[in-house]
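Good morning, and thank you for coming. Today I shall walk through one structure with you, step by step. Please keep the display in view as I speak.

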Number of protein chains: 2
Amino acid sequence: MGEFELIRRFFDRGPARRSPLGIGDDCALIAPREHGQIAVTSDLLIEGRHFFADVLPADLGHKALAVNLSDLAAMGAEPFGFLLSVSLPGIDEAWLEGFTAGLFAIADRHRCELLGGDTTAGPLSINITAFGHVPAGAALRRDGAQPGDDLWVSGEIGGPSWAVGERYAGRGGAISATLAARLDRPEPRVALGIELRHLASAAIDLSDGLLGDLGHIVDRSRVGAEVDEAALPIAAELVAAAPQRAIEQALSGGDEYELLFTAPPENRSAIAALGQRLELPLARIGRIRDGASIVVQDARGRPRASLPRSHEHFG
Amino acid sequence: MGEFELIRRFFDRGPARRSPLGIGDDCALIAPREHGQIAVTSDLLIEGRHFFADVLPADLGHKALAVNLSDLAAMGAEPFGFLLSVSLPGIDEAWLEGFTAGLFAIADRHRCELLGGDTTAGPLSINITAFGHVPAGAALRRDGAQPGDDLWVSGEIGGPSWAVGERYAGRGGAISATLAARLDRPEPRVALGIELRHLASAAIDLSDGLLGDLGHIVDRSRVGAEVDEAALPIAAELVAAAPQRAIEQALSGGDEYELLFTAPPENRSAIAALGQRLELPLARIGRIRDGASIVVQDARGRPRASLPRSHEHFG
């Protein structure tokens with residue numbers, strides 16, 4: 001099977017609906033909205049590093065797009081399209097069917113179309129570039145946090161990163177199906193990001209661990225932050241299984257895909273109402289301060305002496 | 001060196017100038033022009049497939065962006081930004097310095113900024129996604145060719161693809177410096193593409209070989225085509241070295257990065273004047289016909305019996 005036949009069979013689903021031109025020309029074309037900007041993000045997944053050869057192809061297809069949609073969510077952007085560049089060791093039709101089933105299921109749910117990309121032979125790697133609409137000036141950047149703002153996080157934290165460690169240790173069978181699904185098929189917080197455009201001052205998605213990602217907000221906004229240990233929405237399964245290291249895990253675990261955001265205190269009730277409407281817990285876990293440091297404090301206000309290191313991709 | 005330090009040292013050149021937000025947030029932001037569209041394209045280069053380990057890093061940096069700029073040129077788009085996703089077996093500072101020198105030299109010449117991307121450890125691969133502005137409705141698509149249109153090609157053809165073969169055969173030393181430069185540092189026809197917006201009816205860049213790429217125009221436009229052998233602007237070096245297979249090489253060789261385009265006959269003098277202004281030969285090599293077939297004919301109008309196969313990336 002040649003490259004064109006491969007694209008036709010597995011990737012080309014006919015003319016683009018949400019863009020003027022999709023697959024099949026030298027470029028795809030994107031039509032911006034009036035007074036709109038385009039948010040763009042790109043994530044590269046490599047076999048052996050970001051996933052293993054035995055991952056379910058449908059889970060991989062889901063996750064490859066989900067991590068990009070999570071970046072769009074963190075900017076408050078509304079996804080509409082993506083490019084897929086994939087290098088494949090060979091043409092495994094069953095694998096391609098599974099991969100594209102997972103990919104297109106989440107793509108369709110978010111009305112995010114495949115607009116083009118590239119396909120070649122090589123070691124398995126997947127690079128998706130995703131596009132979203134955002135009104136000019138409304139994007140949630142990392143540099144907007146102000147002293148006095150509250151610090152919030154969506155959902156539960158610590159669960160997926162703990163589950164990864166359990167799998168590495170050969171104890172994957174003990175993870176609940178709910179948590180395994182959160183790990184293998186993370187749900188990007190797209191609706192939350194869009195609603196936060198007018199409520200939050202800064203946002204980021206949790207990919208490098210809570211403290212690492214908070215560090216990005218703090219650096220870019222030139223502020224400091226306090227985190228209240230007792231307010232962290234730690235996954236119940238992690239607390240039950242490893243109570244003595246649950247807080248460290250929740251502070252440092254990567255690949256969680258929740259949103260960490262800051263907002264002025266006057267938006268507290270609106271944010272609480274938003275969480276109820278989306279059926280997504282939103283926890284107020286601290287505040288932005290003057291300065292440049294991050295302090296984690298226990299229930300009595302005493303700072304933690306040492307903070308766990310954050311996740312980095314080269315080590 | 002961690003990922004953030006790597007990005008800071010080699011890739012981050014300060015705040016974006018032509019876009020509202022570049023490197024360092026969850027997404028980059030693109031500001032469209034009024035009544036404008038955004039052309040996007042992505043090319044993936046894999047070591048051992050698209051280049052070899054001994055390629056000069058500066059040439060690789062040049063070529064990785066050039067192939068994408070060539071796709072933008074073929075749409076008539078004006079480049080302004082790109083994303084770079086790269087997986088590296090390790091951090092080789094001399095290699096990174098060479099690679100980024102070649103990359104940023106061509107990027108700066110085309111005022112095309114690095115806006116973001118991803119960096120990870122893994123087998124060497126380079127995926128660039130490039131963005132260009134094009135007025136709404138003005139993009140040069142593959143599906144606009146009309147029966148009666150002339151068929152044109154820019155520059156010379158057959159040279160780079162022939163030179164690749166010579167290198168494979170261990171005769172690379174006999175290639176002229178000019179041709180080696182065209183092969184290693186192809187110049188995307190960006191200015192030509194922009195000027196053709198109002199003159200051409202369809203365009204494509206030569207990456208799969210002239211007949212292969214003409215096949216894409218013919219398929220998408222639902223037309224046929226005639227190519228005049230005698231009008232092909234075959235590289236003089238190829239004609240001199242291999243006269244008996246020069247035409248086949250010129251018809252089938254990939255990775256040439258010239259533009260193949262169609263235009264109504266009334267634009268002939270404007271196109272000739274454009275070629276003179278850009279100091280770029282533009283050759284009229286045939287015409288678009290009704291039907292669905294491609295015919296190559298010799299100086300006496302006799303069709304070639306068999307046509308060479310085009311280049312494909314999976315075999």
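Let me begin with contacts in chain A. If we take contacts between residues at least 6 apart in sequence, 85% of them join residues at least 24 apart. Please bear in mind that we are looking at a predicted model.

What are the elements of this chain? Chain A holds 10 helices and 11 strands.

Next, the overall dimensions. Taken along the principal axes, the box filled by the C-alpha atoms of chain A is roughly 65 × 50 × 35 Å. How does the radius of gyration of chain A stand against that of a compact globule? For 315 residues, such a globule would have a radius near 20 Å, and chain A has 20 Å, so the two agree. As for burial, 51% of the 315 residues in chain A are buried.

I now turn to one strand, E2 of chain A, which spans residues 36–46. Is this strand mostly covered or mostly exposed? Strand E2 of chain A is mostly covered, with 10 of its 11 residues buried.

Which strands pair with E2 of chain A? Within chain A, the partner is strand E5, residues 125–135; the two run antiparallel and are joined by 11 bridges. As a landmark on your display, A:Asp43 stands opposite A:Ile128 in E5 of chain A. The other partner I shall mention belongs to chain B: strand E1, residues 28–30, pairs with E2 of chain A over three bridges, again in the antiparallel sense. Here A:Val40 stands opposite B:Ala28. While you look at these strands, recall a general point: in a regular strand the side chains alternate between the two faces of the sheet.

Finally, backbone angles. Most residues other than glycine have a negative phi. Against that background, consider A:Arg222, whose phi is positive, near 55°. Where is A:Arg222 found? A:Arg222 lies in the loop between helix H7 (210–221) and strand E8 (224–228) of chain A. Because A:Arg222 has 12 C-beta neighbours inside 10 Å, this residue counts as exposed; the cut-off for exposed is 12 or fewer.

In chain B, consider B:Glu279, a residue other than glycine with a positive phi near 55°. B:Glu279 sits in the loop between helix H10 (268–278) and strand E10 (282–289) of chain B. Why does B:Glu279 count as exposed? The reason is that B:Glu279 has 6 C-beta neighbours inside 10 Å.

Thank you for your attention.

Conventions. Residues numbered from 1 in each chain as written. Chains lettered and ligands numbered in written order. Predicted model: local features only at pLDDT ≥ 70, side-chain atom pairs only at ≥ 80, totals over all residues. Helix = DSSP H or I, 4+ residues; strand = E, 2+ residues; numbered from the N terminus. Rg over C-alpha atoms; globule rule 2.2 N^0.38 Å. Buried ≥ 20, exposed ≤ 12 C-beta atoms within 10 Å, placed from the backbone. Contact = placed C-beta atoms within 7 Å. Pairing = 2+ DSSP bridges.
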